[in-house]
Amino acid sequence: MNILEIISKKRDAKELSKEEIEYFVKEYVAGNITDYQASALIMAIYINGMNSQETTDLTLAMAYSGDVLDLSRFGTNVVDKHSTGGVGDKVSIILLPIIASMGIPVAKMSGRGLGFTGGTVDKLESIPGYRTKLEVDEFISNVEKIGISMIGQTMNLAPADKKIYELRDAISCVDNIPLIASSIMSKKIASGANKIVLDITVGKGAFMQTREEANKLAEKMIEIGKIANKEVECVITSMDQPLGFAVGNSLEVIEAINFLKGDMPEDLKQVVLELGSKMIKLAGKGDNLEENKQKMLEKIQSGEAFNKFKEMVKQQGGDISYLDDTTKFEKSQYITAVVAENTGVVQEIDAKEIGQLACYLGAGRTSKEENIDPTVGIILNKKVGDTVEEQDFLAYICANSQEKLKVAEKRILEIFVIK
Ligand code: URA
């Protein structure tokens with residue numbers, strides 16, 4: 001078998017065998033297939049697709065490309081959560097401490113930013129000292145000690161997905177059902193939970209543009225879950241405008257901290273409660289979703305959810321004084337308000353455009369080697385449906401370059417559709 005035959009087969013829209021998929025995954029992880037060959041194959045998959053069997057084979061090959069965690073010591077109801085990605089999506093940082101504060105173990109492996117969407121790992125790393133790179137033993141022992149750990153994909157868990165994920169990001173091959181389904185499910189299988197809640201975002205700022213596509217992706221992941229013996233629940237959530245107000249790494253962490261302290265933007269609150277109520281049900285801690293939502297709100301009001309977040313940050317080396325006083329977070333050099341030029345109601349704030357603008361300011365990557373700037377981004381001051389008067393502040397731009405700031409100011413006025 002050789003990689004050139006596999007690339008040409010997919011280039012010619014033929015079905016790949018299990019052996020060919022396993023060969024590609026194994027040899028790519030081992031460094032025997034170059035990035036340009038892997039890019040060619042991924043692009044061919046992106047263009048010509050994969051059927052159900054190929055998608056399952058790719059998922060399992062990636063899931064078993066490294067270690068597979070055994071979380072059975074935490075019982076049979078370990079619940080995980082994953083989102084297909086969005087703009088301003090800081091849900092994991094809020095939701096998982098709430099869930100852990102209810103005594104449900106959380107062992108979460110998250111990703112970095114992908115395309116124009118942000119990543120939980122990049123966001124958490126904006127907390128000074130917070131370590132996202134833990135070995136398996138420390139990860140598990142943190143969950144044993146305090147009930148929660150959130151880390152990056154740095155251990156030997158689904159290393160094939162890590163490599164392919166970074167490659168897809170750098171060659172513009174992200175928004176594709178077989179690639180997304182296999183990426184997410186391989187990580188979920190490798191990280192050991194037996195119940196999984198998936199947030200499938202749909203809309204302008206999501207990889208799935210229509211409900212039909214989102215449903216297809218949901219079906220695919222549920223089907224893979226069945227084969228891997230995992231119970232999967234999918235929630236489809238809207239991602240037309242950014243979620244919450246902040247877009248950018250430390251800016252989103254600050255919004256997440258404020259949420260846990262009780263300041264909850266409505267759209268973000270709905271998504272957190274929707275996903276959380278399903279996680280609690282899957283964990284066997286309550287069948288009534290409305291009651292589950294109420295219990296989550298109580299954990300915020302009592303301060304237990306915020307304390308759990310602090311405990312986790314401390315356990316992973318983060319400086320918790322930043323959580324008590326968010327003004328300590330380093331700020332970008334320039335922070336400017338963009339002022340409305342006309343009166344009306346906000347009709348649209350395209351989440352993808354905002355995500356791309358945040359990336360342009362430095363909040364995301366355009367190549368896999370690039371570093372992100374945690375301080376830059378956009379804070380919306382108005383959301384869809386809000387009334388705007390001339391001279392009202394639409395958004396704040398946080399930038400570290402005057403030139404980029406100017407471009408962003410102009411762009412914000414185009415992105416906000418006010419009528
Ligand atoms: N999240 C992932 O982990 N993988 C994808 O492909 C998309 C979102």
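**The interface and its surroundings**

Mentor: The C-alpha centres of domain 2 and domain 3 are separated by 25 Å. The contact between them, meaning heavy atoms within 4.5 Å, draws on 26 residues from domain 2 and 26 residues from domain 3. The protein chain as a whole is divided into domain 1 (3–49), domain 2 (72–323) and domain 3 (330–418), with bounds that come from an automatic or database domain assignment.

The model is predicted: local features need pLDDT of at least 70 and side-chain atom pairs count only at pLDDT 80 or more, whereas totals for chains, interfaces and linings use all residues. Residues are numbered from 1 along each chain as its sequence is written, and side-chain values use heavy atoms, with hydrogens and water left out.

Consider first the area. Domain 2 and domain 3 bury about 2100 Å² between them, and 59% of this is on carbon and sulfur atoms; buried area is the accessible area (1.4 Å probe) that two parts lose on being put together, summed over both. On the side of domain 2, the residues that lose the most area to domain 3 are Phe-116, Gln-241 and Phe-245, which together account for 28% of what that side buries.

Next, the polar and charged pairs. The rule finds three salt bridges across the interface of domain 2 and domain 3, a salt bridge being a side-chain nitrogen of Lys or Arg within 4 Å of a carboxyl oxygen of Asp or Glu. Across this interface the rule also finds ten residue pairs in polar contact, with both residues at pLDDT 80 or more. A polar contact is a pair of N or O atoms within 3.5 Å; within protein, one must be able to donate a hydrogen and the other to accept it, and residues adjacent in sequence count only if both atoms are side-chain atoms.

The side of domain 2 that touches domain 3 receives at least two residues from each of helix 8 (159–170), strand 6 (246–247) and helix 11 (249–260). Helices (H or I, at least four residues) and strands (E, at least two) are DSSP runs, numbered from the N terminus. By class, this side of domain 2 has eleven nonpolar, nine polar and six charged residues. Here Ala, Val, Leu, Ile, Met, Phe, Trp, Tyr, Cys and Pro count as nonpolar, Asp, Glu, Lys and Arg as charged, and the others, Gly among them, as polar.

The salt bridges may now be placed in the context of the whole structure, where a search finds 27 of them. One of these joins Lys-383 to Asp-267, the closest N and O atoms being 2.7 Å apart. Another joins Glu-348 to Lys-204, with the closest N and O atoms 3.8 Å apart. Glu-348 lies in strand 8 (residues 344–349) and Lys-204 in the loop between strand 4 (195–202) and helix 10 (211–227), so this pair ties together parts that are 144 residues apart in sequence. Glu-348 is partly exposed at 30% relative accessibility, and Lys-204 is partly exposed at 31%; buried means under 20% relative accessible area, exposed over 50%, and partly exposed in between (1.4 Å probe, protein chains only).

A contrasting setting is that of Lys-188 and Asp-80, whose side chains meet in a salt bridge (2.9 Å, N to O). This pair, too, links distant parts of the chain: Lys-188 belongs to helix 9 (residues 177–190) and Asp-80 to strand 1 (residues 79–83), 108 residues apart. Lys-188 is buried at 0% relative accessibility, and Asp-80 is buried at 3%. By contrast, the salt bridge between the side chains of Asp-12 and Arg-11 (3.0 Å, N to O) has a partly exposed Asp-12 at 39% relative accessible area and an exposed Arg-11 at 53%. Beyond such pairs, Arg-112, Asp-122, Glu-125 and Arg-365 are linked in a network of salt bridges.

Ile-177, in helix 9, is buried at 18% relative accessibility. Leaving aside neighbours within four places in sequence, Ile-177 is in contact with Met-208, Glu-213, Lys-216, Leu-217 and Lys-220. Thr-210, in the loop between strand 4 and helix 10, has a polar side-chain atom 3.2 Å from the backbone nitrogen of Glu-213.

Finally, a point of backbone geometry: Ser-172, in the loop between helix 8 and helix 9, has phi near 60°, a positive value in a residue other than glycine. Ser-172 is exposed, at 58% relative accessibility.
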